[in-house]
Amino acid sequence: LRYKQQSNAMLRNFLLRFASFESANRLRSPHSKPVSALVTLILSNKMGCPLSTSSKVLQISKKGPPNMTESEEYVEDVVCKSSDVQENEAKVFDLRDVGKVLVVRQKGKLSALGAKCTHYGAPLQSSAVGDGRLRCQWHGACFNIATGDIEDFPGLDSLPCYQVSVQDDNVTVRARRSELESNKRIKSMSKRDPNNNQHFVIIGGGPSGAVCAETLRQEGFQGKLTVVAKERYLPYDRIKLSKVMDVPIENLQLRASSFYATYDIDFILDCEATKIDLDHKQISLKDGRSLNYDRVYVATGSSPRKADIPGMMVLKGFLHPNHNTL
């Protein structure tokens, strides 16, 4: 009996290691056939070790780059030689005919990211390479080299981060086709938990308020989230107003209304917050309503100073009723 138990343990360890080897092999060759189901069957039926589909074996076989699943379509190919990219250098290469990838070498390690800034689309080949970060040369958006996460604004979206392998000086990149085409990625975000009664209120519907709301969901806040905005529009790119004046407001918005609905971010638009009662944690609104809160973030921004110059005319309500345009 002891011999049989030892043999079963040895076989089980071998099969687990084989499944791990299979996982690594599938990352290099997505067309290889999985054997995890066979391994699970052997462990379950022959050794008295029942394993569900969430078992360690199947988790190993699915292990791969963050947020990637085997059912999605990938593009994989050699993009360059390892010697083509020097230390602290960023270069753009074509990944087949699908898209471009930015390959960065830092501290001897190669990383592959989206090739354009997610803010206004600047080519990141000309970006400044810092310690673990890329900073866009146009407006200063900053991205983590290892993960592609955005770490400094402007911009809301992160860069897609692709899998890199090097063999015989050949650099192979494996990427989602959809991420190659979009060149952007939204960080994982939580949603509202009906059992979480915490209420976080953001006063101000500008970029700061929008970023605060997204960051709370990205960091796992699952309570009620409300943004109070004086304007009647969802957060939009105010900088573009100085460049384009004949586009619909929907083309200027930072996120579509469906995005905020998906992540349970509520907006009270065209309504001004007039008072905050810190003792009772209550916010008074101009229309007579009040909001109770647990935490509040005030991001009301600033108002431009109007030049006191004879002949200067202020156009009230040009393009947007709540704007003063000189």
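Where does Asp 237 lie? Asp 237 sits in the loop between strand S12 (224-228) and helix H6 (257-262). Helices (H or I, at least four residues) and strands (E, at least two) are DSSP runs, numbered from the N terminus.

This is a predicted model, in which local features need pLDDT of at least 70, side-chain atom pairs count only at pLDDT 80 or more, and totals for chains, interfaces and linings use all residues. Residues are numbered from 1 along each chain as its sequence is written, and side-chain values use heavy atoms, with hydrogens and water left out.

**Asp 237**

Asp 237 is buried yet has no salt bridge. Buried means under 20% relative accessible area, exposed over 50%, and partly exposed in between (1.4 Å probe, protein chains only). A salt bridge needs a side-chain nitrogen of Lys or Arg within 4 Å of a carboxyl oxygen of Asp or Glu. The nearest side chain of opposite charge, Lys 240, is 4.6 Å away. Lys and Arg count as positive, Asp and Glu as negative; His and the chain ends are not counted.

The side chain of Asp 237 makes a polar contact with the side chain of Tyr 120 at 2.9 Å. It also reaches the backbone nitrogen of Ile 239 at 3.1 Å. A polar contact is a pair of N or O atoms within 3.5 Å; within protein, one must be able to donate a hydrogen and the other to accept it, and residues adjacent in sequence count only if both atoms are side-chain atoms. Not counting residues up to four places away in sequence, Asp 237 touches Tyr 120, Leu 252 and Leu 254. Contact means heavy atoms within 4.5 Å.

**Aromatic rings**

The structure holds 5 aromatic pairs. Rings of Phe, Tyr and Trp (its six-membered ring) pair if their centres lie within 6.5 Å; planes under 30 degrees apart count as stacked, over 60 as edge-to-face and the rest as tilted. Two of the pairs are tabulated here.

| Pair | Centre to centre | Angle between planes | Class |
|---|---|---|---|
| Phe 259 and Tyr 260 | 5.5 Å | 85° | edge-to-face |
| Tyr 260 and Phe 267 | 4.7 Å | 65° | edge-to-face |

Phe 259, Tyr 260, Tyr 263 and Phe 267 form one aromatic cluster. Phe 259 is buried at 10% relative accessible area. Tyr 260 is buried too, at 2%.

The charged end of Arg 255 sits over the ring of Phe 259, 4.5 Å from its centre. Arg 238 lies over the face of Tyr 236, at 4.4 Å from the ring centre. Such a charge has NZ of Lys or CZ of Arg within 6 Å of the ring centre and within 35 degrees of the ring normal.
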